[in-house]
Amino acid sequence: MIPLANGDAGSQPPLEWKFSQVFGERAAGEEVQEVDIISAIEFDKSGEHLATGDRGGRVVLFERTDGKDHTVRKDLEKMDYPAPRHPEFRYKTEFQSHEPEFDYLKSLEIEEKINKVRWCQTANGALFLLSTNDKTVKYWKVQEKKVKKISDMNVGPSASNRNGGLSGHIGASDFTFPPGGFPSLHLPVVVSQETNLVPRCRRIYAHAHDYHINSISNNSDGETFISADDLRINLWNLEISNQSFNIVDVKPVNMEDLTEVITSAEFHPTHCNMLAYSSSKGTIRLIDMRQSALCDKHAKLFEEQEIPGSRSFFTEIIASISDIKFGKDGRYILSRDYMTLKLWDLNMENAPVVTFPVHEYLRPKLCDLYENDSIFDKFECCLSGDSLRVATGSYSNLFRVFGCSSGSEEATTLEASKNPTRRQAQMPSRPLRSLTSLARSRRRGAENQNADANGGAFDISTKLLHLAWHPTANALACAAANSLYMYYAEDGARSETTQNLQ
């Protein structure tokens, strides 16, 4: 488990989550357009900007508006007072990143849906980010441009009134000065009237993937990134769009021998030579690019041993990992499969350090979920900046927050709405510390077949697939259909201090 700084698990009380903002909230009964559904969310490293992508190929940027008085905040923190604000954002700009295409060679339609958005390093006040659909990655630069206009050239009012001004003569083909000339002649002056944000596509990385791109990830060197599809991972240089290097290839000589596919990939946050990728078999491979040009051999394999007698028709399907995330310090990897969240220590390959049950109540319903394809839904996961908590989404627009520090039993169920605690579980699921406790939990889950995490009916038509944790604050951004909900949290001690001050 993750040790706390003071070694006391009791010093980390559960967070109290509160609603902050919502963008794109739909009215009751309003029909959601397919193109408006959010398909990707990402904070930048500073936490000052947030990007979302949708199924219509658009990328929307938000910027943080609170905390501009950084000096005051630091002084308050030194005096052990709580910061007076929580992260708040406002709409910044949006642009059309991808358009629908058609591959005539393969007679295949390529959707404009944004699969992933990743922030790159900023430079000279400009924002840089990568976005991808199924086939093409694009590198965008968003910069403020001042709109410039030319002021009046002749400020002599009398001359302008009599002769139409100098500007009137410039448009004429037979430009001549009026008799006697101008009493006062001034050169034109360029003035800045307003500032606009201008997005510009700097690079297009195309024609390198035969299968759908499921991941892109920036390297810590600031120069390269990877793009991954079902069978290959390619390494790109940000400045070179016509060449990539295939570093992972799991495609067998005979496709009938194919047993697993790549589901997610991410660079290590600090070691530029290391990356991890997950598979449909529930394994995570850590590779070191210094070993060989083609990383067909992994440095470490993270795989949990199967519980004897637990195998069924759905075992491999629900074991498939839909998302992995490195912790900020790079020591831990968080993985999400259909049923659980698992936290892995890079120093321990044979089992996760902790397993969080998310969908245990769905185990009796796997047949129905398989028939309507819901069992293939890909839920994302995220870690807090201090790696002490993790979060993931679920059905009925719910999301779960778990504490993963030593001795923590924090497990909170929240709803993506203006009242997030409206449907909180009366008896939230506790993190599972061992394989035997996992088996016991599965037996208990079979006893209650129709209850979700809140003891009520679940709605598979509303699902919270995408969410992101602010890198420096306890704040979450969650996507529920076309709406972006923002939440912030305070621990019990800080919340009590705030109330006393008020």
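A cavity is a set of grid points where a 1.4 Å probe fits but cannot get out. The legends below describe a predicted model.

**Close-up 1. The largest cavity has a volume of about 50 Å³.** Under the rule applied here, the model holds 2 cavities of 30 Å³ or more. Around the largest cavity lie Lys-116, Arg-118, Ser-215, Ile-216, Ser-217, Ser-264, Ala-265, Glu-266, Asp-323 and Ile-324. At least two lining residues come from each of E8, E12, E16 and E20. The lining of the largest cavity comprises 4 charged, 3 polar and 3 nonpolar residues.

**Close-up 2. The second largest pocket has a volume of about 1,100 Å³.** A total of 44 residues line this pocket, and those closest to its centre are Glu-42, Phe-43, Asp-44, Lys-45 and Glu-266. Two or more lining residues are supplied by each of the strands E2 (38-43), E8 (116-119), E12 (215-218), E16 (262-267), E20 (321-326), E24 (381-383) and E28 (466-469). The lining of the second largest pocket divides into 19 nonpolar, 15 polar and 10 charged residues. Glu-266, one of the residues closest to the centre of this pocket, also lines the largest cavity.

Key:
Residues are numbered from 1 along each chain as its sequence is written. This is a predicted model: local features need pLDDT of at least 70, side-chain atom pairs count only at pLDDT 80 or more; totals for chains, interfaces and linings use all residues. Side-chain values use heavy atoms; hydrogens and water are left out. On a 1 Å grid over the protein atoms alone, a cavity is a set of points where a 1.4 Å probe fits but cannot get out, and a pocket is an open set with protein on both sides within 12 Å along at least five of seven lines; lining residues have an atom within 4 Å of a point. Grid points are joined across faces, edges and corners, and a volume is the space filled by probe spheres set on the points. Helices (H or I, at least four residues) and strands (E, at least two) are DSSP runs, numbered from the N terminus. Ala, Val, Leu, Ile, Met, Phe, Trp, Tyr, Cys and Pro count as nonpolar, Asp, Glu, Lys and Arg as charged, and the others, Gly among them, as polar.
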